[in-house]
Amino acid sequence: MKAILIIAHHCILPGAYKGFEEILDRLHHDLPGTRVASTSLLDLENDLRTLLREDVESVTLLPYLLLNGQHTKNDVPRVVAKLQEEFPQIPITLLPCLGDWKEFSSMVVCGIRNAQLDEKKPAESLVSRPSSNSNLFSIELNLEGRNVLVVGGGRIALRKVKTLIPTGAHITVVAPQFDPEFETLKAGDKVPELSRGAEASITLKQRPYEPLDLRCVFMVFICTDQPAVNAQVSNDARARRILVNNACDYLDGDFIVPARMDFGENIAVTVSTQGRAPSLAKKLKQKIQAEWAEDLVKIEKDFKKE
């Protein structure tokens, strides 16, 4: 299997990787059978080494950079040379940075020409805005055996972890400080909020978040009150094509978690307001639990008798 690794600048601003992600999607679509991955300049050595340890026959590197400066002339080639010595059996090809591509100048000129033609259009028409009425696709996801990262150690992170425990996921929580109840969860004690009483599979790392925390992670939950940290985790995860749930900004995430209620052994009811009104979802959940619980349990018992 051949592999492509695209190298981008590290950035913590939300939405910074939009165009980058579109290129990854195109490569996945147009080059089936090729392993397509991404990394930042900070993570290049570790991510490239991990890729070379996989079953790949060659790796092509693309510096997603415009200027042929310090990074492309010295930093990246130095890492490539080092790892080529470690893995001499796997050819590593380093492409020129985007600014040195012959096609790039034509693309820039074409883009400017199109912009001039659009000058008479209202500014609003040139800006794409997310639809406030877009519907999310509801699924129930099997997380058993999957690696899930939770960034944050407060009450919001604690609630997320409690909902994750019954799934059988391998949960890692990273934060400088933890709510004391996390130690109870880690010890494997039963949690009152959990109907199944499953034992926890939790690793606590008491330190600030690091990009390497995303290694081999399937899904990440962002639960801090630090906007800069949240933005960094979100962008790092998207560059690695990892699903993101941002508890502080549902529009920034890939998915939301609806309010869930279990009745009997087989009935689960979820309530969602598309992330726009959490307090309303909470009220609906309380109403359903108060008014539907007995009837739903009875329905399940009657169904088993049939």
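**View 1. Glu86 and Arg49 are joined by a salt bridge of 3.0 Å, N to O.** A salt bridge is a side-chain nitrogen of Lys or Arg within 4 Å of a carboxyl oxygen of Asp or Glu. The pair links distant parts of the chain, 37 residues apart, with Glu86 in helix 3 (residues 70-86) and Arg49 in helix 2. Helices are DSSP runs of H or I with at least four residues, strands are runs of E with at least two, and both are numbered from the N terminus. Glu86 is partly exposed at 38% relative accessible area, and Arg49 is buried at 13%. Buried means under 20% relative accessible area, exposed over 50%, and partly exposed in between (1.4 Å probe, protein chains only). This is a predicted model, in which local features need pLDDT of at least 70, side-chain atom pairs count only at pLDDT 80 or more, and totals for chains, interfaces and linings use all residues. Residues are numbered from 1 along each chain as its sequence is written, and side-chain values use heavy atoms, without hydrogens and water.

**View 2. Arg35 and Glu54 form a salt bridge of 3.1 Å, N to O.**

**View 3. Lys162 and Glu181 meet in a salt bridge of 2.7 Å, N to O.** Lys162 belongs to helix 5 (residues 155-164) and Glu181 to helix 6, so the pair ties together parts 19 residues apart in sequence. Lys162 is buried, with a relative accessible area of 7%.
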